[in-house]
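I opened the model today to look up its rings, cores and sheets. My notes follow in the order I made them.

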Amino acid sequence: MSRPLHRGLSGGGKSSGGLGHDSFDQNYHVKDFTENGYGHELAGLARNMRSREILTILFKMGLAVFTAIALVGSLYCAISISTSSRNNIYSSYRRLQEQLITDLSDIGDLSLGIAKSKDLEFCSAEYENYAPCYYNISESSDSVDLNARIEYERHCSRDSAIDCLILPPRNYRIPLRWPSGRDFIWKENVKITGQEFSSGSLTKRMMVEEEQISFRSDSLMVDGVEDYTHQIAEMIGLRSGYNFNEVGVRTVLDIGCGFGNFGAHLSSKQLLTMCIANYEASGSQVQLTLERGIPAMIGSFASKQLPYPNLSFDMLHCARCGISWEKNDGIYLVEVDRLLRPGGYFVWTSLVNTHRSLHDKENQKKWTFISDFAENLCWDMLSQQDETVVWKKTSERKCYSSRKAGPAICGKTHDIESPYYQPLNPCIAGTRSQRWIPIEYQTTWPSRSTLNSTELDMHDVHSEDFAEDAASWNLVVQNYWSLLSPLIFSDHPKRPGDEDPRPPFNMFRNVLDMNARFGGFNAALLDSEKSVWVMNVVPTSGPNYLPLIFDRGFVGVQHD
């Protein structure tokens, strides 16, 4: 009659709170009803409930065992990781990186409708110097005809895309870290011939050592660049040192920049210099400048406008850049005017400007045309010293209405703020823009990178959106740097949470942001004191915030 097993089982269920006590009471009452003949249905129900109780207890016991095994496994993994060598950790990161690249490749194939991904082949040797949309010489560097005509215009088509991976040079080596890489590059990393080594051009001099190319010599544009910069500073009216930020100069466009010596020097003065030069099959100014960690891109004064907004740069610089400013009725000077901010400076250094050269009638004719045309653009010639002339663009719109000659003011239909490789325009652009703000009235760098609500309103951007974008990118940069630290500091190991090594241990220098929006990634990198520069790319298919990016003191470009 007694049921000790039921009581024992119920007692065993006490670990689940009040369940054991309730089961015991229930079993006791079921027994009484059964004995008096009234509890057949209740007895069946009680048996079912006891079965459920048993299953519940077994499930909980199994879950407890599983949890215990999982905890032991996790502890084992943690111990294994903590005792792993740094090399193993680094290898794991490399494997993850390789897997990520594979996954991204598969995603790309799927997005193009490819059912099954295939391995991409490596391009043949003639693609080593390939540049999309430009004429490319396929012969080896030793057989390049440097006198052959090169097409400087940009020609793009959908058929011009390639589907192979371009290999780096055979003996490519990781560039030296900034700022050491600014003055020395590995010779095998760039395509250059003996003719360029012995060129003797003012802006292209270098010293060739056994494995490296050094950009330190006694030439004007290398070691002498400091005196040259000081000369320019004095010509624009800076007397105490040459802090260009005092007069509103932050961004500089260096036309035909040689190997970037001017921009390399200005980088130490908190100036950001974008080098542009023609496509070159060998001894590329753009390639060598980028290799040094200086901003550069292929760009030509030919028949199309450069892919920068109106009123983008505080200074344009041309030191023997090879452009005939008097050609095509001065249309190249009109393009310079379009790119210059109000109050900005155009610095031109040329042999044509010397008194001796002006004894030649042809040179005298060129100089007269250029100086008169500059005056008709409302440029004021501040100074002329030796080969160098400095003009200052007007800060007053009313100057244009008081002229007696010169290019007309662009109509609304032709005054496009951000032309994308449109034909050169012979009229003066930007005079209607809300961004017509003289550089001397701009917020100085680095405060300039944070625009106020009035400045944001000019770009139809809300302060809240701008602040949210900034906060988001600051967090992203922290996360990126934490994840990438084992890779970028592989020869200078650090544990998570440790402070990053200070430059020159920073391996990154050239950064390309392929969808820059407000330039928040750029700003976050600078706020975190990373010694990098960013090419901010604004896709032509989306909102155009490139003028905003330039107004922040950054550089960028539109791209399709």
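**Rings.** I began with a cluster: ring pairs link Phe301, Trp325, Tyr332, Phe346, Trp348, Trp367, Trp379 and Trp391. Rings of Phe, Tyr and Trp (its six-membered ring) pair if their centres lie within 6.5 Å; planes under 30 degrees apart count as stacked, over 60 as edge-to-face and the rest as tilted. My search of the whole structure gave 24 aromatic pairs. One of them, Phe518 with Tyr545, is edge-to-face, at 4.8 Å centre to centre and 75° between the planes. I noted that this pair links distant parts of the chain, 27 residues apart. Phe518 sits in the loop between β11 (510–513) and α14 (520–527), and Tyr545 in the loop between β12 (533–539) and α15 (546–551). Both residues are buried (under 20% relative accessible area; exposed is over 50%, partly exposed in between, with a 1.4 Å probe and protein chains only).

**Ground rules.** The model is predicted: local features need pLDDT of at least 70, side-chain atom pairs count only at pLDDT 80 or more, and totals for chains, interfaces and linings use all residues. Residues are numbered from 1 along each chain as its sequence is written, and side-chain values use heavy atoms, with hydrogens and water left out.

**Charges over rings.** I looked for these next (NZ of Lys or CZ of Arg within 6 Å of the ring centre and within 35 degrees of the ring normal). Arg154 lies over the face of Tyr421, at 4.1 Å from the ring centre. Arg292 lies over the face of Phe215, also at 4.1 Å from the ring centre.

**Cores.** How many residues has the largest nonpolar core? I found 53, and Leu253, Tyr308, Trp325 and Phe346 have the most contacts inside it. Such a core is a set of buried Ala, Val, Leu, Ile, Met, Phe, Trp, Tyr and Cys residues joined through side-chain atoms within 4.5 Å. Helix α10 (residues 331–339) gives the largest share of this core, six residues. Another core, of 21 residues, lies apart from it and includes Ala233 and Leu266.

**Thr229.** I found Thr229 in helix α7 (residues 225–235). Helices (H or I, at least four residues) and strands (E, at least two) are DSSP runs, numbered from the N terminus. Why does Thr229 count as buried? Because its relative accessibility is 0%. Leaving aside neighbours within four places in sequence, Thr229 is in contact (heavy atoms within 4.5 Å) with Tyr242, Phe244, Phe262, His265 and Leu266.

**Seven-stranded sheet.** I traced an open sheet in the order β6-β5-β4-β7-β8-β10-β9, with mixed pairing. Two strands pair if DSSP finds at least two bridges between them. The edge strands are β6 (296–298) and β9 (379–385). Three bridges join β5 (residues 272–277) to β6, and these two run parallel. Ala277 stands opposite Ile298 in β6.

**Three-stranded sheet.** Here the order is β11-β12-β13, with parallel pairing. β11 and β13 (555–559) each have a single partner strand, so one side of each is left without a neighbour in the sheet. Five bridges join β12 to β13. I saw Val537 opposite Val557 in β13.

**Helix α14.** Is this helix enclosed or open? Six of its eight residues are buried, so α14 is largely enclosed by the rest of the structure. Those buried are Gly520, Phe521, Asn522, Ala523, Ala524 and Leu525. Just after α14, Glu529 takes a positive phi of about 65°.
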